[in-house]
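Please open the model in your viewer and show it as a cartoon, with the sequence panel beside it. The tour goes from the whole chain to single residues, and says at each stop what to select.

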Amino acid sequence: MTRDLRTARTGAVLTFVLAGLMCGSMTVRIPALSDKLGLSEASVGVTLLVWGLGALVTMQSMRAVMARFGSRSILRVAAPLTATALALLAVAPSFPLAVVASGLFGMAFGAVDVAMNAQGSVVERAYGRPLMNGMHAGWCAGAIGAGLLGTAAIAAGLSITTHLVLVALLALPATVLVSRTYLPDPVAAAGAAPAAPRRRMPPMIYLLGVIAFCAFMVEGTVADWNGLYLRDALGAPEAVAALGYPIFEAGMLAGRLAGDRVRARFGARGMMAASGLATAATFGVVITAPSAPVALAAMLFVGVAVATVSPMAMSLAGEATDTPGPAIAQTGAMGYAGLLLGPVIIGFLSDLATLRVGLGIAVLLGVLIAVVARFLPRHRAAAVPAETARRELSMAA
């Protein structure tokens with residue numbers, strides 16, 4: 001294995017880490033943003049909605065952009081812009097300007113999300129073996145790091161402005177340095193036809209989009225609702241309820257660190273189906289738990305179960321066509337829609353019945369992942385042969 005490939009793999013992982021750090025830093029200081037600008041819950045919801053819509057709009061447009069420019073060029077622009085937008089959000093003096101900054105942050109982050117997955121697919125092709133789960137583990141590490149740094153910043157009395165500006169000042173030069181490690185996209189660099197992204201994707205891409213939708217919706221369900229469920233339904237103190245998400249992320253990190261080895265041994269199709277069933281079973285324990293400690297323990301295993309689903313969906317999308325960037329953009333856009341719709345659907349069901357009933361949708365989503373996975377092709381290589389990929393890259397460079 002050449003040093004350039006090892007460097008490219010490290011750079012891809014660090015990109016995921018930086019993305020998780022920036023996104024997590026914003027999330028952890030939302031209460032401080034609300035206090036700083038005197039926002040109501042509805043105003044906070046609008047700010048988050050604009051962030052999500054900005055990301056989704058960018059993702060929906062990325063098929064054409066990825067085919068034209070490739071993941072390397074997009075990351076070199078979008079990653080520094082994400083850091084800049086985070087700083088703009090930190091210094092926003094009013095609600096309207098915070099909404100604008102949130103939208104810009106979402107749009108830049110949406111481009112980074114698609115492009116870093118596409119870059120991960122390029123590195124996988126060059127290696128000739130599964131690597132995507134390990135790269136997504138970098139996201140978990142960045143998100144956990146954001147939580148720890150946020151806790152330290154709050155304990156030190158740092159304002160949201162100082163905290164997020166410091167994170168942005170750390171991330172901005174880091175994204176520029178990491179950008180030197182990226183590999184070229186073979187097809188994009190060789191001059192793919194502009195009309196290519198307008199063609200309908202293979203059916204497999206849409207199946208993977210459905211799977212990603214379900215997985216992202218489960219992840220969003222835990223992020224947005226687990227604290228409220230632990231506090232209100234199970235009577236946990238707020239400090240205990242706050243442990244749910246980091247415990248879930250720890251499970252995700254463990255699952256993703258082991259995921260590539262498990263996939264190489266058992267295959268993506270069977271592993272995805274098993275992950276869906278495990279997600280349904282473990283989340284079933286969460287919503288039927290008699291106490292907070294039982295639910296928290298189950299939350300760890302939900303993280304392990306669902307951890308590999310979205311990375312494998314992105315990886316398989318990258319392998320399904322000769323142009324991995326547009327295919328990953330389509331799968332990612334469908335998946336991200338689940339992250340946006342999840343809180344709305346669960347909130348609606350909770351109003352109609354109870355929060356336990358609303359959260360029960362995650363059990364159904366796990367079953368749906370397992371069912372849809374059975375329709376994926378049974379035999380697919382984990383990646384294109386390494387020598388073929390390296391020849392493509394050498395021609396593209």
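Helices (H or I, at least four residues) and strands (E, at least two) are DSSP runs, numbered from the N terminus. By that rule the chain holds 17 helices and zero strands. This is a predicted model, in which local features need pLDDT of at least 70 and side-chain atom pairs count only at pLDDT 80 or more, while totals for chains, interfaces and linings use all residues. Residues are numbered from 1 along each chain as its sequence is written, and side-chain values use heavy atoms, with hydrogens and water left out.

**Whole chain**

Begin with the C-alpha trace, which spans about 60 × 45 × 35 Å along its principal axes. The radius of gyration, taken over C-alpha atoms, is compared with a globule rule of 2.2 Å times the number of residues to the power 0.38; for 397 residues a compact globule would have a value near 21 Å, and the chain, at 20 Å, agrees. Buried residues (under 20% relative accessible area, with exposed over 50% and partly exposed in between, for a 1.4 Å probe and protein chains only) make up 55% of the 397 residues. With contact meaning heavy atoms within 4.5 Å, residues 24 or more positions apart account for 86% of the contacts with a separation of 6 or more.

**Colour by confidence**

Next, colour by pLDDT, the predictor's confidence in each residue, from 0 to 100. The chain averages 86, and 91% of the residues score at least 70. Select residues 188–197, where pLDDT stays under 50 and the model has twelve contacts beyond four places in sequence. Then select residues 380–386, where pLDDT is also below 50 and the model has 20 contacts beyond near neighbours in sequence. Where pLDDT is low, the predicted coordinates should not be read in detail.

**Helix α2**

Select residues 30–37, helix α2, in which I30, A32, L33, S34 and L37 are buried. Moving on from α2, you reach G38, whose phi is positive, near 65 degrees.

**L88 in helix α3**

Helix α3 covers residues 41–91 and contains L88. L88 counts as partly exposed because its relative accessibility is 42%. Draw a distance from L88 to T161: the two are 73 residues apart in sequence and 9.3 Å apart in space, C-alpha to C-alpha.

**N133 in helix α5**

Finish in helix α5 (residues 132–155), where N133 is found. Is N133 buried or exposed? N133 counts as buried, because its relative accessibility is 1%. Leaving aside residues up to four places away in sequence, N133 touches R256, G259, D260, A307, T308, P311 and M312.
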